[in-house]
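Hi there,

Here is the structure we talked about, ready for you to open. Have a look at it first, and then read on for what turned up.

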Amino acid sequence: MAPLFFFLLAIFSFADGGSIGVNYGRIANDLPSPSKVVKLLKSQGINRVKVYDTDPAVLKSLAGSGIKVTVDLPNELLRAAASKRSFASGWVERNVAAYHPHTQIEAIAVGNEVFVDRKNTTGFLVPAMKNLHEALVKFNLHSDIKISSPVALSALQNSYPSSSGSFRPELIEPVFKPMFELLRQTGSYLMVNAYPFFAYESNSDVISLDYALFRENPGVPDAGNGLRYFSLFDAQIDAVFAAMSAMKFDDIPLVVTETGWPSKGDDNEIGASMENAAAYNGNLVKRILTGGGTPLRPKADLTVFLFALFNENKKDGPSSERNYGLFYPNREKVYNVPFTTEDLKDYRDKQSPATGDMGGGQVRVSAPNNGSRSGSGSGSGKSWCVASDVGKDRLQTALDYACGEGGADCRPIQPGSTCYDPNTLEAHASYAFNSYYQKTGRAAGSCYFGGAAHTVSQPPKFGKCELPTGY
């Protein structure tokens, strides 16, 4: 008789999740031709790309590819686009209308990190956005193509804890308020560039590398919203959501237009390594494609653009700036990273053993392979794996994996069995996660499930069901 428990799946399946794209920067002298780049994108299943200009060769090569494109109006053109409607109209006609829809342009990024532009172009941003939108309306493209502008996290006055997120006061009235009103009016979204690497590099003494790389960790509680964060990326994005909420713009979506991790850096660039870059990007893709938003916005599936497609050998700055690429110029991968749900079926984070302090006195909860444990707790040396509050879809996906490909013993949570009651997703997921965790000898990384689980040191109990400590 087939099991009645509908959570049990024999194969790993993914919930509907977010979307992954890549940034195609070209500050280099050794890159392949645009036509070869398009072939590379298609071969990897990448269906979104963001470029930093409107180069005709690139846009023509993308024609008919089915790849959605975000183009950029450079910072140096903001003054002209803000001052003259005719300039904005002509720019859209030449650089957008001339290619769309054969080249599937989905958005215009107006400038890039304008608030940190040394040429002080901030005052031109919103007028330029308005004029460009009017031009899209003129050419009847406004339903297909959105207007926004990538914002760096330096636009935040406060980002920790996430619940205290707020924008810099001097930017709120002159820039963010009118920009958000325009985004709301046009059905667009805020573009955000987020780099956990920079936060970790500057604060490696208090930020756990596991926390920065989406690996198993005890999490960081936020007393302001009652949530616990298991990744620095989620904490950064929720700081932006909190800042938007404080301005009463909760309804505007968010797209992460840049994020990444360098595979190489200078000696003082802590954390820049191939292993860490592979872990960050691979676990991020897994986190996005398996569904669910952030702790603050659990239903907000994210679109994320990885930075960047290639190592760019002519970029200025520290070594890391030239080593964010996912591919070498010869189109070989710098390291293995998945891009699609199909890729994820074979993806495993090649995690090195990691121990240590989480910062702020928090001790890593994951047990070493010998099962011993340090830190506060019962002193018994035991630990359990339970479900985190990450939203129904992410929890369901993780439960499906645990009971299916993961090989957890899920018989006790089938109807009529000992731990079927309470019949809740949290209780069933906790039993399955713990079964997998104990089965692996509480190995490092075995209580993660894409951030859907965490370890505890006190015996958890759901109704009359107690979770076992060993198999």
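Lys392, Leu395, Gln396, Ala398, Leu399, Tyr401, Ala402 and Cys403 in α12 meet Leu425, Glu426, His428, Ala429, Ala432, Phe433 and Tyr436 in α13. Here a contact means heavy atoms within 4.5 Å, while helices (H or I, at least four residues) and strands (E, at least two) are DSSP runs, numbered from the N terminus.

Before going further, please keep in mind that this is a predicted model, in which local features need pLDDT of at least 70 and side-chain atom pairs count only at pLDDT 80 or more, while totals for chains, interfaces and linings use all residues. Residues are numbered from 1 along each chain as its sequence is written, and side-chain values use heavy atoms, with hydrogens and water left out.

Back to that pair. The axes of α12 (residues 392-403) and α13 come within 9 Å and cross at roughly 40 degrees; these axes are lines fitted to C-alpha atoms, for helices over the stretch in contact, and angles run from 0 to 180 degrees between N-to-C directions. The two helices are therefore oblique to each other (under 35 degrees counts as roughly parallel, over 145 as roughly antiparallel, 65 to 115 as roughly perpendicular and the rest as oblique). Their crossing is left-handed, meaning that the near helix is turned anticlockwise from the far one by less than a right angle; clockwise would be right-handed.

Of the 15 residues in α13, 13 are buried (buried is under 20% relative accessible area, exposed over 50%, partly exposed in between, with a 1.4 Å probe and protein chains only). Gly441, with a positive phi near 75 degrees, follows α13.

α4 (residues 85-97) and α5 (residues 125-138) pack with their axes 8 Å apart, at an angle of about 55 degrees. That makes α4 oblique to α5, and the crossing is right-handed. Among the residues of α4 that take part are Trp91 and Val92, and on the α5 side they include Leu132 and Leu136.

**Loops worth a look**

Most residues other than glycine have a negative phi, and most peptide bonds are trans. Some spots here depart from that:

- Asp421 and Pro422 are joined by a cis peptide bond, with omega about 0 degrees; Pro422 sits in the loop between α12 and α13.
- The Tyr160 to Pro161 bond is cis too, with omega near -10 degrees, and Pro161 is in the loop between β7 and β8.
- Lys248 is not a glycine but has a positive phi of about 70 degrees. Lys248 is exposed, at 65% relative accessible area.
- Arg331 has a positive phi near 75 degrees and is partly exposed, at 34%.

Ser263, in the loop between β12 and α10, counts as buried at 9% relative accessibility. Beyond its neighbours within four places in sequence, Ser263 is in contact with residues including Ala272, Asn323 and Tyr335.

**The whole protein**

There are 13 helices and 19 strands, and buried residues make up 55% of the 471 residues. Residues 24 or more positions apart account for 73% of the contacts with a separation of 6 or more.

Best wishes
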